[in-house]
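Hi there,

Here is the structure I promised to pass on to you. Have a look at it first, and then read on for what turned up.

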Amino acid sequence: MESVPCPACHTKNSSIKLRVPDRFSAEDETPFVLVECRKCGLLYLNPRPIEEQSGAFYENDAYNPFISAKTEKNTFDRLYDRIRKHNNRSKRKLIERHLSGPGRLLDVGCGTGEFLAEMASVGWQVRGIERDAKAAAYAVEKLRVNVVRGTLDSMPSVEASFDVVTMWHVLEHVYNPHKTLMQIRDLLKEGGLLVVAVPNAHSLDAKIYQQNWVAYDAPRHLQHFNFKSLRGLCEMHGFSVLKKALLPVDSFFNALMSEKLQEQKGGSSVLRPLRWLRAGIVANTAVVLGKFSNYFSKPVGSTLLVVFRK
Ligand SMILES: [Zn+2]
């Protein structure tokens with residue numbers, strides 16, 4: 001583990017905000033600590049696993065983004081699969097609204113490659129980067145999409161060659177968000193789009209589920225953005241906000257998975273039907289609030305989905 005200053009503004013001055021469990025580990029393990037930066041307000045994991053050892057925390061069969069590579073799927077896996085299919089169509093439509101025709105797209109942290117396959121199906125030239133070997137192999141062998149195993153450091157330096165770079169739930173995982181955004185800036189054409197989706201630390205579901213909010217996902221998620229901190233970070237690297245959008249189904253995923261985590265961390269299984277009911281109420285409310293708040297400067301939707309222009 002390493003102690004770190006704020007990943008956004010590099011200040012060391014912070015206060016403890018929350019102690020959060022690893023959803024894949026036993027109940028009695030020491031929780032991880034989330035601190036809030038006193039200067040910029042970013043919430044981040046401190047201390048955090050050192051980067052070279054972080055891969056081990058992803059090596060769990062239940063880790064949702066890689067479930068395609070699993071042979072047997074449970075109810076939650078199948079639900080996740082359906083949500084993802086729906087989301088990938090919405091993501092494609094969002095991008096198509098801003099560009100006249102198919103171009104070149106890079107998906108950073110592409111997982112098992114389903115979004116790339118969706119874009120390729122309508123004529124986009126796609127490329128993905130994925131750190132997890134099994135997920136990258138699945139994308140190449142099963143979906144026949146062009147995926148490089150590694151990080152942005154492994155990309156050949158082809159400057160300003162992409163029309164769109166996407167990062168779906170990736171920026172909260174990266175060890176050096178400044179470096180990542182600088183590399184993306186170099187890879188994007190002038191006027192190109194950067195599409196970022198991250199969990200919203202100011203969402204209704206985050207407030208309700210507290211330490212059991214599934215999107216804290218320690219120690220895989222290192223920093224937790226709200227709209228202001230996300231915009232601030234991207235603006236620092238020359239990106240400006242073009243559009244705020246929504247991924248409404250994320251609200252349902254977050255609420256259900258957070259209820260599941262709450263039960264796993266000491267809740268009674270007898271109350272499960274009530275938990276599912278509450279999840280439905282929380283998710284529906286989050287969707288409605290998210291929609292309206294997107295018109296203001298403090299969006300509270302479960303996911304922050306922002307299209308930036310270089
Ligand atoms: Zn800070």
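How many helices and strands does the secondary structure of the chain come to? There are eight helices and eleven strands. Please keep in mind that this is a predicted model.

Let's start with the overall shape. The radius of gyration of the chain is 19 Å, close to the 19 Å that the globule rule gives for 310 residues, so the chain is as compact as a globular protein of that length. Its C-alpha trace spans about 50 × 45 × 40 Å along the principal axes. Of the 310 residues, 44% are buried. If you take contacts between residues at least 6 apart in sequence, 71% of them join residues at least 24 apart.

Next, find helix 4, residues 177-187. Its buried residues are Pro 177, Thr 180, Leu 181, Ile 184 and Leu 187. Seen down the axis of helix 4, these fall within an arc of 120 degrees, so they line one face of the helix. What covers them includes strand 4 (104-108), strand 7 (162-168), strand 8 (188-199), strand 9 (223-224) and helix 6 (227-236).

Finally, turn to helix 7 (residues 249-264) and helix 8 (residues 272-293), whose axes come within 8 Å and cross at roughly 145 degrees. This crossing of helix 7 and helix 8 is right-handed. Residues that meet there include Phe 252 and Leu 256 in helix 7, and Trp 276 and Val 282 in helix 8. By class, the contact between the two helices has nine nonpolar, two polar and five charged residues.

Enjoy exploring!

Methods. Residues are numbered from 1 along each chain as its sequence is written. This is a predicted model: local features need pLDDT of at least 70, side-chain atom pairs count only at pLDDT 80 or more; totals for chains, interfaces and linings use all residues. Axes are lines fitted to C-alpha atoms, for helices over the stretch in contact, and angles run from 0 to 180 degrees between N-to-C directions. Helices (H or I, at least four residues) and strands (E, at least two) are DSSP runs, numbered from the N terminus. A crossing is left-handed if the near helix is turned anticlockwise from the far one by less than a right angle, and right-handed if clockwise. Two residues are in contact if their C-beta atoms, placed from the backbone, lie within 7 Å. Ala, Val, Leu, Ile, Met, Phe, Trp, Tyr, Cys and Pro count as nonpolar, Asp, Glu, Lys and Arg as charged, and the others, Gly among them, as polar. A residue is buried if 20 or more other C-beta atoms lie within 10 Å of its own, exposed if 12 or fewer, and partly exposed in between; C-beta atoms are placed from the backbone. The arc is that of the directions from the helix axis to the C-beta atoms. The radius of gyration is taken over C-alpha atoms; the globule rule is 2.2 Å times the number of residues to the power 0.38.
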